[in-house]
Amino acid sequence: MIDLNGRVAIVTGAGGGLGRSHALLLASRGAKVVVNDLGSGAQTVVDEIHAAGGQARAVQCSVADAGAVQAMVDAVLADWGRIDILVNNAGILRDKSFAKMGLDDFRLVVDVHLMGSANCTKAVWNAMREQNYGRVVMTTSCSGLYGNFGQANYAAAKMGLVGLMQTLGIEGEKHNIRVNCLAPTGKTKMMEGILPDAQLSKFKPELVSPAVLALVSEQAPNRAILSAGAGGFELVHIAMTQGIELGESASAEAILQRWNELADRTNAIVPSTGFEQAQHELKKGGFEV
Ligand SMILES: NC(=O)c1ccc[n+]([C@@H]2O[C@H](COP(=O)([O-])OP(=O)(O)OC[C@H]3O[C@@H](n4cnc5c(N)ncnc54)[C@H](O)[C@@H]3O)[C@@H](O)[C@H]2O)c1
């Protein structure tokens, strides 16, 4: 059993939807939970946690407001002494085809998802380093990982979170801070009208939250992208094909001519750092690495 007694967790956007379900699960395992939300739902979820015998407090603020986020974190540290877990979950949609999308809607979505997660993570990062323990979850999306019509702003922000996770996972490792991504599918307000009701009803939020619990446990992996929905769980990898070697005679025409060979996924590799891409190319070219 994963026991979170003594742990303090912040779950953003936890006044409803998936965040609520994550907060309830973490509290049921003994964590003191900060239920953050822009809306008043945060207090309702805190009341639910209290009614079930758990410990929680509500903080109503926007994750996009770095000052308010810092004040939330400072207050939690002052009262509860530590922050072990941060689940960056808060989010919004402003869907439109890119042709019709205003840059104001693009910025807003990036501000909430990407900057909001950066604000919250930055605010807890030093405390996690100092206590030599931290578990951070970024909520990405299949929309960013694979693309979805009408979600250019959201997809860009969600893929930005994968990059943030990859680098923070590397930087946090020596301080026992593990950073992972969750790619969920859940029946929430956000998903209304996106999938047919009969299908959507299978995606219960409480079937996603076990993935979060796994990612914030002591045994958590580092730098995983875990997808979860309807009781299914998968790992997502950013992979690179073995590719081709054109050497000094490299040309656009040759790239296109050998596209199928270049795209062949046999023996595809998942580099563990960005540097490995360059090393792979040097090795293929017969250079020493
Ligand atoms: N539901 C899905 O299938 C799905 C799929 C992929 C990714 N996601 C992601 O999962 C997360 C949760 O989504 P959900 O489906 O539960 O959505 P939801 O709309 O039900 O819940 C999101 C919550 O975030 C809060 N919120 C919005 N802006 C905020 C802000 N600036 N500061 C603080 N709180 C804010 C909202 O008030 C709401 O309570 C989001 O990041 C979403 O992008 C959801």
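This is a predicted model: local features need pLDDT of at least 70, side-chain atom pairs count only at pLDDT 80 or more; totals for chains, interfaces and linings use all residues.
A polar contact is a pair of N or O atoms within 3.5 Å; within protein, one atom must be able to donate a hydrogen and the other to accept it, and residues adjacent in sequence count only if both atoms are side-chain atoms. Residues are numbered from 1 along each chain as its sequence is written, and side-chain values use heavy atoms, with hydrogens and water left out.

Start at the ligand. A nitrogen atom of the ligand sits 3.0 Å from an N or O atom in the side chain of Ser62. Tyr154 places a polar side-chain atom 2.6 Å from a ligand oxygen. Lys158 has a side-chain N or O atom 3.0 Å from an oxygen atom of the ligand. Alone, the ligand exposes 830 Å², and the protein buries 92% of that. Such areas come from the Shrake-Rupley method with a 1.4 Å probe; for residues, only the protein chains shown count as cover.

Now turn to the salt bridges. Each is a side-chain nitrogen of Lys or Arg within 4 Å of a carboxyl oxygen of Asp or Glu. The structure holds six. One of them joins the side chains of Arg20 and Glu48, at 2.8 Å from N to O. Arg20 lies in helix H1 (residues 17-28) and Glu48 in helix H2 (residues 41-51), so the pair ties together parts that are 28 residues apart in sequence. Helices (H or I, at least four residues) are DSSP runs, numbered from the N terminus.

Another bridge links Asp84 to Arg82, with the closest N and O atoms 2.6 Å apart. Is Asp84 buried or exposed? Asp84 is buried, at 0% relative accessibility. Arg82 is partly exposed, at 27%. Buried means under 20% relative accessible area, exposed over 50%, and partly exposed in between (1.4 Å probe, protein chains only). Arg82 and Asp84 also belong to a salt-bridge network with Arg7 and Glu218.

Next comes helix H4 (residues 103-131), which holds Ser117. Ser117 is buried, at 6% relative accessibility. Leaving aside neighbours within four places in sequence, Ser117 is in contact (heavy atoms within 4.5 Å) with Asn88, Val112, Met138 and Leu161.

Finish at helix H9 (residues 252-257), where Leu256 lies. Leu256 is exposed, with a relative accessible area of 61%.

Conventions:
Helices (H or I, at least four residues) and strands (E, at least two) are DSSP runs, numbered from the N terminus.
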